[in-house]
Amino acid sequence: MICTVKQPGLSIRVSDVLRKKGLAPVQACSLSLPSLQREKARIPLLSVQKPLHLSCVRFGNFVGSVSHERGDLITCGAYEADRSEVEGAGDPSEAAKKVKIGIYFAIWWALNVVFNIYNKKVLNAYPYPWLTSTLSLACGSLMMLISWATKIAETPKTDLEFWKTLFPVAVAHTIGHVAATVSMSKVAVSFTHIIKSGEPAFSVLVSRFLLGETFPVPVYLSLIPIIGGCALAAVTELNFNMTGFMGAMISNLAFVFRNIFSKRGMKGKSVSGMNYYACLSILSLVILTPFAIAVEGPQMWAAGWQTALSQIGPQFIWWVAAQSIFYHLYNQVSYMSLDEISPLTFSIGNTMKRISVIVSSIIIFHTPVQPINALGAAIAILGTFLYSQAKQ
């Protein structure tokens, strides 16, 4: 039986109706309108994965909501059953999904905290953010190429059009990644992330004035604590640096354009979140490498490397490897989580991620924080949370 006609106090099967009229029964798991003997054209099958509830049946002289149309033509009106009515879809599956999302979030936050810690350690000893950014992308690209070659991960099916569409996304991603790394090389990790919590303000302003989009009033009001909190945190930062501040701001703007290009260009693409980010990393690496060589260069890298090894020791190599590996992993998990959750849930998770990074970095690096500075950070993060709620 594929479907049931639901009426108060009445339940009949479509196959039963057809049997009474002397027609062939409907095949299981599909709704099939049999081909008419006097018509050569076949009526296509309608295959469904969800149950169908028939709203009406028009069939010969059948009593009820029936009309005689073109002889033996059968007309069925149907709608998909509500997911909650599907037999067997109960609480266990929902609970399992929530657990899976919780695991994604926990891994995402943990990997991000570890990355920021090692990234800051590397930049303190080796202040070359362009090379550090390049190594992060190179490590992730190598990991995914090995995964595809060994069949650990499914190789994405891409074409030239896919890479053309991905190019502007990769450009914006590259700029945002380098700018954030430059920022963290100049200021505290906590300060960079406080400023980066202002990304929703850039998103609204760009969408409003460049794309002509409009938003509800609560969305605009939520920008007040975001902008005010970031400004308060900036003016009270003890170790303020303009390069670090501008790096975080440029990163915000670049990631806003990355999201816009991604939404516009990747509609209908059948690439999973993990493979999408892998392709993005590879293309970003190709874009970034020549610029990193031009800005810093091998001579500066070699001299700085020797200095870092002499001061830190062999564990410096582990720091570089760890920050590169964890950068790819935390981004990969975040893109994978987008396949499982709504943008609102992701936005809330991103806000909580920033809180965990700010708090952990203050504790680990003993960053001095004034009460007024902490208040500014709290206001900005609260504004980000309110924005995610108002945007929904």
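**Helix packing and core**

Me: Does α7 pass α13 in a left-handed or right-handed crossing?
Reply: This is a predicted model, with local features needing pLDDT of at least 70, side-chain atom pairs 80 or more, and totals for chains, interfaces and linings using all residues. Residues are numbered from 1 along each chain as its sequence is written, and side-chain values use heavy atoms, without hydrogens or water. Helices here are DSSP runs of H or I, at least four residues, numbered from the N terminus. With the near helix turned anticlockwise from the far one by less than a right angle, the crossing of α7 and α13 is left-handed.

Me: Why is α7 roughly antiparallel to α13?
Reply: Helix α7 (residues 217-235) packs on helix α13 (residues 371-391) with the axes 7 Å apart. Roughly antiparallel means over 145 degrees, on a 0 to 180 scale between N-to-C directions of lines fitted to C-alpha atoms over the stretch in contact. So α7 counts as roughly antiparallel to α13, at an angle of about 160 degrees.

Me: Which element gives the most to the largest nonpolar core?
Reply: That core has 52 residues, with Y126, L166, L280 and F316 having the most contacts inside it. Its members are buried Ala, Val, Leu, Ile, Met, Phe, Trp, Tyr and Cys, joined through side-chain atoms within 4.5 Å; buried is under 20% relative accessible area (1.4 Å probe, protein chains only). Elements giving two or more residues include α9 (273-295) and α11 (315-338). With 12 residues, the top contributor is α2.

Key:
Angles under 35 degrees count as roughly parallel, over 145 as roughly antiparallel, 65 to 115 as roughly perpendicular and the rest as oblique. Buried means under 20% relative accessible area, exposed over 50%, partly exposed in between (1.4 Å probe, protein chains only).
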